[in-house]
Amino acid sequence: MAKFPVINLEKLNGERAATMDLIKDACENWGFFEVLNHGIPYEFMDRVESLTREHYKKCTEQRFKELVASKALEGLQAEVTDMDWESTFYLRHLPESNMAEIPDLTDEHRKVMKEFALKLEKLAEELLDLLCENLGLEKGYLKKAFYGAKGPTFGTKVSNYPPCPTPDKIKGLRAHTDAGGIILLFQDPQVGGLQLLKDGEWVDVPPLRHSIVINLGDQLEVITNGKYKSVEHRVIAQTDGARMSIASFYSPGSDAVIYPAPALVEKEEEEEKKGLYPKFVFEEYMKLYGVLKFQAKEPRFEAMKAREATA
Ligand SMILES: [Fe+2]
């Protein structure tokens, strides 16, 4: 099996064509890749990591232990399929921040996460333009496709996966594809567990200090007319070590209309209307995703197509 793609973005200066090819191959064949020298200072990432760990220890670890006790998740005998072994909270940045409403964050933590979000937003937009270039779309096409009336939706899910005594009975996070656009993940540099499905096999996404893991969500699959795929992934809880995961989701605005880019639709597909992908308002897709997250993406696309036909 080919090696998980790790791409040094610094090589865009000097070895641009080869680096663009690596990104293209990763988008076409993996739906995932990891980037280094992505422009976010490594010392800054260390600060994000230590604040995240402190916050977990101080504010959420106890709550998670209580949840485990109340749901009797310790010493499981049978597999649990309707819950995950994860402790999370969600920060929304765009269109409006909810940061002020999040309890227990110190002022410094709030400030650092705000700055981190700005850096990630910039990186997401740079990556979208690299994708445009590889797809033969004009610069800014994907950003514009996501924009809607008020700009993109952007948020961060901060997760911790504490050590789990029975990882064969409960997943850290059950298999799913991401609904949104492009996802940027700052994952634990030591404790692994994230896997993606490639050619029917689960493949590890290797922990790598200071990297950002990138994956493509359902909306990019639709806009690229399936040239790029939104790939299934999951987190296996570990018996040793607490895994930290900070995943940021750069997605369309709620009223953005999502559909395959005309330049990527073959003539016959258009004429015979046999394309696979629907046209819809992003918010409508999210309503469906809310109830069908842990199911395959295809029925979601089908359901949106059926609505489009009756609209
Ligand atoms: Fe995900």
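UniProt positions are given in the numbering used here, feature names are shortened, and annotations may be inferred rather than shown by experiment. According to the UniProt record, an unreviewed entry, the annotation "domain: Fe2OG dioxygenase" covers residues 152-252. The structure is a predicted model, in which local features need pLDDT of at least 70 and side-chain atom pairs count only at pLDDT 80 or more, while totals for chains, interfaces and linings use all residues. Residues are numbered from 1 along each chain as its sequence is written.

Secondary structure follows DSSP runs, numbered from the N terminus, with helices (H or I) of at least four residues and strands (E) of at least two. The annotated span 152-252 is 6% helix and 45% strand, and its end C-alpha atoms lie 5 Å apart.

Strands of a sheet pair through backbone hydrogen bonds, either parallel or antiparallel. Two strands are taken as paired if DSSP finds at least two bridges between them. An open sheet of seven strands shows mixed pairing in the order S1-S2-S9-S6-S11-S4-S3. Its edge strands, S1 (6-8) and S3 (87-94), each pair on one side only. From one strand to the next, the twist averages 25°; axes are lines fitted to C-alpha atoms, for helices over the stretch in contact, and angles run from 0 to 180 degrees between N-to-C directions. Strand S1 runs parallel to strand S2 (residues 32-36), to which three bridges join it, and Ile7 stands opposite Val35 in S2.

Within this sheet, strand S6 (182-187) runs antiparallel to S9, with four bridges, and antiparallel to S11, with six bridges. Leu184 stands opposite Ile214 in S9, whereas Ile183 stands opposite Phe249 in S11. A residue is buried if 20 or more other C-beta atoms lie within 10 Å of its own, exposed if 12 or fewer, and partly exposed in between, with C-beta atoms placed from the backbone. Because six of the six residues of S6 are buried, the strand is largely enclosed by the rest of the structure. Ile182, Leu184 and Phe186 point one way from S6, and Ile183, Leu185 and Gln187 point the other way.

Val158 lies in strand S4 and counts as buried because it has 22 C-beta neighbours inside 10 Å. Apart from residues up to four places away in sequence, Val158 touches Thr52, Thr88, Phe89, Leu91 and Ile246, where contact requires C-beta atoms, placed from the backbone, within 7 Å. Val158 and Phe249 are 91 residues apart along the chain, and their C-alpha atoms are separated by 11 Å.

Helix H1 (residues 16-29) lies across S1, S2 and S9 (212-216), at about 155° to S1. Helix H3 (residues 107-135) lies across S3, S4 (153-161), S6, S9 and S11 (243-251), at about 130° to S6. The axes of H1 and H3 come within 10 Å and cross at roughly 90°. This makes H1 roughly perpendicular to H3, the class for angles of 65 to 115 degrees (under 35 is roughly parallel, over 145 roughly antiparallel, and the rest oblique). Met20, Ile23, Lys24 and Cys27 in H1 meet Leu130, Leu131, Glu133 and Asn134 in H3.

A further open sheet has four strands in the order S5-S10-S7-S8, with antiparallel pairing. Strands S5 (173-176) and S8 (201-204) stand at its edges, each with a single partner strand, so one side of each is left without a neighbour in the sheet. Strand S7 (residues 194-198) pairs with S8 over four bridges, and Leu196 stands opposite Val203 in S8.

Key
Contact = placed C-beta atoms within 7 Å.
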